[in-house]
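Biologist: Walk me through a few features here. Start with the general idea each time, then show me the case.

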Protein chains: 2
Amino acid sequence: MIDWIAADWGTSHLRVWGMASDTVVHAAESGQGMSRLTRAEFEPALLALTSDWLPEDRITPVVACGMLGSQQGWVEAPYTTVPCVPLGNTLACAPTRDLRLSVHVVPGLKQLSPADVMRGEETQVAGFLARNPGWDGVICLPGTHSKWVHVSAGEVVSFQTFMTGEIFALLSEHSILRHSVSGWDEQGFVHGFDQGMERPERLLARLFSIRAETLLQGQDAAFARARLSGLLIGAELAASKPYWLGQRVAVIGAQTIAHPYATALARLSVPVGTYDATELTLAGLFAARAFLPQDQTPCAH
Amino acid sequence: MIDWIAADWGTSHLRVWGMASDTVVHAAESGQGMSRLTRAEFEPALLALTSDWLPEDRITPVVACGMLGSQQGWVEAPYTTVPCVPLGNTLACAPTRDLRLSVHVVPGLKQLSPADVMRGEETQVAGFLARNPGWDGVICLPGTHSKWVHVSAGEVVSFQTFMTGEIFALLSEHSILRHSVSGWDEQGFVHGFDQGMERPERLLARLFSIRAETLLQGQDAAFARARLSGLLIGAELAASKPYWLGQRVAVIGAQTIAHPYATALARLSVPVGTYDATELTLAGLFAARAFLPQDQTPCAH
């Protein structure tokens with residue numbers, strides 16, 4: 001029997017877990033991300049995955065993180081301003097009609113200068129700190145929008161976002177380079193990374209050479225795709241140097257995305273550990289349960 | 001009465017001019033770019049625009065530049081290797097069925113190291129040199145793929161391509177930034193350019209701040225869009241410094257795209273002139289007529 005539901009509701013995906021304390025009992029996901037839903041469509045999208053799990057005789061709390069808490073989401077969970085602990089003590093309550101659940105949303109974090117925002121990653125950071133109490137250092141969360149987060153004394157001190165993942169996707173799928181890239185060859189990654197890290201200011205010039213070397217030198221497509229990733233991650237690591245230099249780094253992500261970052265950081269002799277993102281999201285949402293209101297009534301419309 | 005046809009056949013567009021010597025008599029264009037056509041569809045696409053112009057009693061030569069000469073085009077016009085004059089003396093003949101025309105394609109240029117290629121811009125460079133004989137310096141051709149071309153003693157010495165225009169289009173129309181950018185505010189361009197030029201290695205970090213400043217500080221969309229352009233052009237100028245430093249620069253492009261480059265170069269105290277791309281394309285194709293074969297029979301299939 002589940003006693004709460006964990007939800008990670010991003011721009012493009014929804015993932016939910018039926019939980020008994022800290023144990024996963026059910027798991028489900030769908031493509032009903034925030035960007036595809038009007039406000040009224042969030043509750044049906046959630047129920048489509050979880051309705052069968054819900055006991056009829058009580059209210060099951062849902063603890064959710066991610067873009068559902070944005071202005072265009074289900075309910076706005078106003079940002080907490082860094083420096084601060086990754087989880088504030090106020091969850092935003094989303095309006096629901098079904099009497100079997102109440103939905104509570106973790107607020108994101110904002111930084112005033114340089115301006116920056118996150119929604120979802122704060123929960124992974126909280127999960128990491130719950131598992132590694134007293135840890136100081138830098139957390140790297142690669143993804144569509146990679147985040148570098150400086151953590152000290154249990155607080156997020158500062159953070160910075162890089163559009164590396166989104167740019168990689170746009171270039172490899174929608175630009176002229178799409179004709180030249182397919183697959184993955186680790187040697188290509190290392191080649192691109194060294195170029196990108198050494199001369200990041202030449203990024204815009206290097207990109208077209210991927211196309212030209214395919215045309216003129218028959219460059220292998222797997223080499224080319226990994227090289228593109230390496231060039232971009234090299235440029236990201238050059239720009240994020242103030243974050244990682246002299247620090248230990250925890251990379252949080254799925255294996256396919258964490259691996260190149262860990263490889264790159266190891267080449268720079270940065271002490272690095274990798275951690276599974278889903279596991280830490282669940283640990284963070286479990287920690288956020290502490291802030292559920294005592295009174296488990298659904299939120300009013 | 002026209003005596004030849006000029007054609008600029010790019011990836012996404014076809015533009016044709018019915019010419020009497022160096023005077024434009026007719027002009028037409030369509031969206032039948034190279035990327036949308038199979039080999040057999042080129043001739044119908046050309047005739048759809050020009051059939052009414054063609055005299056019935058003779059063969060009218062068509063001189064064409066651009067991506068129609070690529071491997072995936074109408075006929076491959078193999079690259080000439082730099083250093084070389086911008087127009088080689090061999091045009092590739094495209095196979096045609098209609099007995100009223102013969103089609104001749106200007107070859108592109110390639111550079112072996114660093115690997116680079118161009119198709120179409122060599123014709124603008126040739127047109128520029130035809131209009132400005134003896135000119136030495138650097139020609140900047142901004143566009144989807146900006147080219148920087150070092151010209152000396154009538155030859156293209158070297159060149160480099162930057163994907164600036166394509167990346168601007170992808171980011172402003174298809175990335176998360178699309179929600180934040182619309183219009184144009186010159187002050188935003190200057191702000192972004194100075195940031196991009198000063199710290200090009202931070203490009204990937206600056207991009208997301210455009211989104212964050214919209215969310216947190218209500219940044220104006222016209223300011224944001226021009227700032228994005230400025231950041232990218234700043235990074236391009238930082239990377240192309242070996243080209244423009246200590247040189248005079250001719251910017252060839254339509255007004256809307258040449259203007260920001262000219263503004264940027266002027267901020268760097270680089271002596272710069274701007275020139276109309278269409279006019280120079282026509283001048284270059286006119287120059288290429290010298291290499292038409294004496295025997296004006298259509299090419300065999």
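Modeller: Strands (E, at least two residues) and helices (H or I, at least four residues) are DSSP runs, numbered from the N terminus. Two strands pair if DSSP finds at least two bridges between them. This is a predicted model, where local features need pLDDT of at least 70, side-chain atom pairs count only at pLDDT 80 or more, and totals for chains, interfaces and linings use all residues. Residues are numbered from 1 along each chain as its sequence is written, with chains lettered from A and ligands numbered from 1 in the order in which they are written.

Biologist: Which residue is the bridge partner of A:Thr81 in strand 8 of chain A?

Modeller: A:Lys110. Strand 5 of chain A runs parallel to strand 8 (residues 109-111), joined by two bridges. The open sheet has the order 5-8-9, with mixed pairing. Strand 5 (80-81) and strand 9 (116-118) of chain A each have a single partner strand, so one side of each lacks a neighbour in the sheet.

Biologist: Is B:Val138 buried or exposed?

Modeller: Buried means 20 or more other C-beta atoms within 10 Å of the residue's own; exposed means 12 or fewer; partly exposed lies in between; C-beta atoms are placed from the backbone. B:Val138 is buried because it has 26 such neighbours. B:Val138 sits in strand 10 (residues 137-141) of chain B.

Biologist: How many bridges pair strand 11 and strand 12 of chain B?

Modeller: Seven, in the antiparallel sense.
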